Each structure stands twice: as structure tokens, then as C-alpha cells.
Amino acid sequence: MKILQLSDLHLPDSPERELFGRRPLTQLHAVVDDILAHHADAELCLLTGDLADSGADAAYAALAEALRPLPMRIQVLPGNHDRRAGLLRYFPNATCDNAGFLQTAIETPVGRFLLLDTLEAGAPWGSYCTERCRWLAEQLSTSTVPIWLAMHHPPFKVGIPSMDQYALLDATDFRATLLPHRARIRHLFFGHLHRPIGGSWMGIPISCTASPNHQVALDLHTLRGEAVPGCGEPAGYAVILINDEHTVVHHRMLNDDAPAFWL
Ligand SMILES: [Fe+2]
């Protein structure tokens, strides 16, 4: 099974506007064109939050329109820049749990994907409260198939202090909810970091993809108030190949105008 991960598109209120030297809507069109050319056979496209820069309906409308040519199933989850109501309006297959959080469980040939809502309205960091954990516990306990997690904020620090202050604020309950099912959890996909990242957490493989627009610098030292260091590293998205034995996360980087060649 092939799936795609797009994250942190940050489409502005006025879709024509630039953000940090690139135009997010143009970047998104480049991603869609690249997918149509090379990965139209993917079965699922996951969008892991910060889809709009400030949660405006115009951004979600532009996003839905830009994604329309894609033939695969599209699923969204919210980031700290998003508004749940806007996502629900433009992506009707997103669903809310009983407590009103935008969390969706989807069944696939490789197992159950759980798309989590870590949004704490008005805050740049994430949270995963008792009510959200209750939904997660139910999703984990009502099936015995492999589990795939997707969320915006990572539930751990990645060593970039300016972003670590905006991770999931308190992952204690989240971790405790997952722990009994850890052996069945195949992967955790996240966004928020605007960088390609891989590794593991509690023995669970993890990965993050680059943003199609602007990247966070690999600065492991500087903490300057609320500021986050950005950089002009290539934009990208992830192409993920899954079978019974392995999960391979490819990072497709864009904005490379050099001619292709054979090695
Ligand atoms: Fe973001």
C-alpha cells in the first residue's frame, strides 16, 4: 500500500499571498502535479495539520479546490493553526468524536489509521486531554489489527528547543493510553516540525515530513522567546510504502530545478 503525507501547508487567508518567500498555494499546486505524475496510485493522502495559516475559510476552500484532481482518499486532521469548523465544512469525511474533537478512525488493508486531534485553541503547543484519550482507548481496544497513528504535534521533544516548547504539552495520559497496545502500533506520523525527521518513541517508529512551503532550521541550541528559526531548505512531502514486513518513508523534495541524470 502506498500512502502520502502532506503537512503544514499554511495556506494564507488570501490564497495569493506569499509566506516566508514562497507562495503556499503555488507550492501546493507543485505537490499535486508531482503526485499526479508519479504517485497517483497512492490509496490515501494524509494531511497532518496546519493546512491553513490562520484558519480562514478561504484557505480551506482553496485547499479543497487544489486537491480536487487527486484520485485517492484524502483525510485531514487539525494543527495549531487550524479551525475545526473550517476543516469540517470543506472536508466532510472528517468526523468528530462524541466530545467534539476532530478525530477520525479509518480502516485500510494494512490496519486501522487513527487521526488524532491535538489542537488547543489559541495555543501553538498541543494537548491531548482525558476526553481525547477516552476515544483513543476505545479505538485501540475495539480492534486487533495493526494501528497507525497520525497527529500534528509530536508527543516528545525532537531536540530543537524553539519547537520543543510547542510539542504536546503533557503526554503522560497519551503515553499511558498507548502503552498496553504498543506492540501493535506500526508507526506514528506527525507534522508541526516542518522538517523530514525519523526515529522511534517508546519503540514506535516515528516520522515527520517537510512542509511544502517553509522549513524550520536544524538549530539544536537557540531558544529566543517565542521565535522559531526558519530556513530555505527544500520543500517536500512524504511517500510511504507499507507491506506486512516494512514501512518505508521517502521524502520527496521539491524546488530542484537541476536536470535529472543517471548515476
Ligand atoms: Fe506548521
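**Helix packing, sheet and cores**

Tutor: This is a predicted model. Helices α1 and α2 pack with their axes 10 Å apart, at an angle of about 25°.

Student: What does that angle make α1 relative to α2, roughly parallel or roughly antiparallel?

Tutor: Roughly parallel, because angles under 35 degrees count as such.

Student: And which hand is the crossing of α1 and α2?

Tutor: The crossing is right-handed.

Student: Which residues in α1 and α2 meet?

Tutor: From α1, Leu-25, Leu-28, His-29 and Val-32. They meet Ala-62, Leu-63, Ala-66 and Leu-67 of α2.

Student: Which residues in α2 are buried?

Tutor: Ala-59, Tyr-60, Ala-62, Leu-63, Ala-64, Ala-66 and Leu-67.

Student: What covers the buried residues of α2?

Tutor: The cover includes helices α1 and α3 (84-90), together with strands β2 and β3.

Student: OK, over to the sheet. In what order do the five strands run?

Tutor: The order is β3-β2-β1-β12-β13, in an open sheet with mixed pairing. Its edge strands are β3 (73-77) and β13 (247-253), each of which pairs on one side only. From one strand to the next, the twist averages 20°.

Student: Where does α1 sit on that sheet, and which strands is it touching?

Tutor: Helix α1 covers residues 24-38 and packs on the sheet, where it touches β1 (2-6), β12 (236-242) and β13. The direction of α1 makes about 170° with that of β1.

Student: In which sense do β2 and β3 pair, parallel or antiparallel?

Tutor: Parallel, over five bridges, with β2 spanning residues 44-48. Within that pair, Gln-75 of β3 is opposite Leu-46.

Student: β3 is an edge strand. How many of its residues are buried?

Tutor: Four of its five residues are buried, so β3 is mostly covered.

Student: Now the largest nonpolar core. How many residues are in it, and which touch the most other members?

Tutor: The core has 32 residues. Those touching the most other members are Leu-4, Leu-6, Leu-28, Leu-47, Leu-63 and Leu-67.

Student: Which elements give two or more residues to this core?

Tutor: Strands β1, β2, β3 and β12, plus helices α1 and α2 (57-67). Helix α2 gives the most, with seven residues.

Student: Is His-192 buried or exposed?

Tutor: Buried, because its relative accessibility is 4% and the cut-off is under 20%.

Student: And what about the phi of Met-202?

Tutor: Met-202 has a positive phi too, of about 55°, and is not a glycine. Its place is the loop between β8 and β9 (204-208). With a relative accessible area of 16%, Met-202 is also buried.

Student: Where is Ser-162 found?

Tutor: In helix α5, residues 161-164. Ser-162 has a relative accessible area of 1%, so it counts as buried.

Student: What is Ser-162 in contact with, aside from neighbours within four places in sequence?

Tutor: Thr-222, Leu-223, Ala-227, Val-228 and Pro-229.

Student: Last one, Cys-133. Which helix, and is it buried or exposed?

Tutor: Cys-133 lies in α4, residues 130-141. It is buried, at 7% relative accessible area. Not counting residues up to four places away in sequence, Cys-133 touches Tyr-128, Asp-173, Phe-174 and Thr-177.

Student: How far apart are Cys-133 and Asn-80?

Tutor: They are 18 Å apart in space, C-alpha to C-alpha, and 53 residues apart in sequence.

Methods:
Residues are numbered from 1 along each chain as its sequence is written. This is a predicted model: local features need pLDDT of at least 70, side-chain atom pairs count only at pLDDT 80 or more; totals for chains, interfaces and linings use all residues. Side-chain values use heavy atoms; hydrogens and water are left out. Two strands pair if DSSP finds at least two bridges between them. Axes are lines fitted to C-alpha atoms, for helices over the stretch in contact, and angles run from 0 to 180 degrees between N-to-C directions. Contact means heavy atoms within 4.5 Å. A nonpolar core is a set of buried Ala, Val, Leu, Ile, Met, Phe, Trp, Tyr and Cys residues joined through side-chain atoms within 4.5 Å. Buried means under 20% relative accessible area, exposed over 50%, partly exposed in between (1.4 Å probe, protein chains only). Angles under 35 degrees count as roughly parallel, over 145 as roughly antiparallel, 65 to 115 as roughly perpendicular and the rest as oblique. A crossing is left-handed if the near helix is turned anticlockwise from the far one by less than a right angle, and right-handed if clockwise.
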